[in-house]
Amino acid sequence: MPQFSLRAIDRQRLLDAHPDLQRLAYRLETRGVRFMVNCTHRGRAEQEAAFASGASRARWGQSPHNFKPSRAMDLSPFAVTAAAYQAITVADYNALSVDVMREAVIMGIALTWGGGFRSFKDRPHYALTGWRDIPGPPE
């Protein structure tokens with residue numbers, strides 16, 4: 001499998017993620033899965049902007065992204081340019097989800113994929129299953 005390394009910005013974003021999500025992302029990297037980390041933690045302003053734009057159905061405090069460490073991460077298939085990012089298809093997200101979910105199962109990490117949501121297919125979204133049961137307020 002070809003060598004793949006996360007970008008510096010991906011590594012920076014992972015610093016705000018739950019340790020299980022960090023371990024999963026780094027395992028995917030070592031397996032050669034080509035992806036980008038779009039988002040881990042979202043503060044109040046960022047979450048409300050995501051809600052207002054329709055990118056999220058959750059208001060501040062209702063999303064697993066609103067906790068530190070973040071209980072969710074948004075991943076996309078790797079794209080070098082903005083044009084390549086815009087060309088990412090549903091099939092590309094679905095293929096990435098197979099790799100992510102397979103590795104999560106192998107690692108014993110209970111994970112929920114947003115592409116499986118009934119009403120709002122949030123294909124970049126991966127959250128720890130049961131994230132609401134993890135103690136701590138939104139930050």
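Q: Into how many nonpolar, polar and charged residues does the lining of the second largest pocket divide?
A: This is a predicted model, and its second largest pocket has a volume of about 200 Å³. The lining includes Asn38, Arg42, Glu46, Tyr85 and Pro124, while β1, α3 and β2 each supply at least two of the lining residues. Sorted by class, these residues come to six nonpolar, two polar and four charged.

Q: Which residues lie closest to the centre of the largest pocket?
A: The largest pocket has a volume of about 390 Å³, and its lining comprises eight nonpolar, eight polar and four charged residues. Among the secondary structure elements, β4 gives the most to this lining, with three residues. Of the 20 lining residues, the closest to the centre are Ala58, Gln62, Pro64, Phe117 and His125.

Q: Which strands stand at the edges of the sheet?
A: Four strands form an open sheet with antiparallel pairing, and their order is β1-β2-β4-β3. Each edge strand has a single partner, so one of its sides is left without a neighbour in the sheet. The strands in this position are β1 (35-39) and β3 (111-113).

Q: What is the bridge partner of Asp74 in β4?
A: Strand β2 (residues 72-77) pairs with strand β4 (residues 125-128) in the antiparallel sense, over three bridges. Asp74, which is also one of the residues lining the second largest pocket, has a bridge partner in β4, namely His125.

Q: What angle does the direction of helix α5 make with that of β2?
A: Helix α2 (residues 19-30) packs on the sheet, where it touches β1, β2, β3 and β4, and its direction makes about 20 degrees with that of β2. Helix α5 (residues 90-107) packs on the sheet too, touching β1, β2, β3 and β4. For α5, the angle with the direction of β2 is about 130 degrees.

Q: How many residues apart in sequence are the parts tied together by Arg27 and Glu103?
A: Side chains of opposite charge can pair when their charged atoms come close. A search of the whole structure finds nine salt bridges, and in the one between Arg27 and Glu103 the closest N and O atoms are 2.5 Å apart. Arg27 lies in helix α2 and Glu103 in helix α5, so the separation in sequence of the parts tied together is 76 residues.

Note on methods. Residues are numbered from 1 along each chain as its sequence is written. This is a predicted model: local features need pLDDT of at least 70, side-chain atom pairs count only at pLDDT 80 or more; totals for chains, interfaces and linings use all residues. Side-chain values use heavy atoms; hydrogens and water are left out. Two strands pair if DSSP finds at least two bridges between them. Contact means heavy atoms within 4.5 Å. Axes are lines fitted to C-alpha atoms, for helices over the stretch in contact, and angles run from 0 to 180 degrees between N-to-C directions. On a 1 Å grid over the protein atoms alone, a cavity is a set of points where a 1.4 Å probe fits but cannot get out, and a pocket is an open set with protein on both sides within 12 Å along at least five of seven lines; lining residues have an atom within 4 Å of a point. Grid points are joined across faces, edges and corners, and a volume is the space filled by probe spheres set on the points. Ala, Val, Leu, Ile, Met, Phe, Trp, Tyr, Cys and Pro count as nonpolar, Asp, Glu, Lys and Arg as charged, and the others, Gly among them, as polar. A salt bridge is a side-chain nitrogen of Lys or Arg within 4 Å of a carboxyl oxygen of Asp or Glu.
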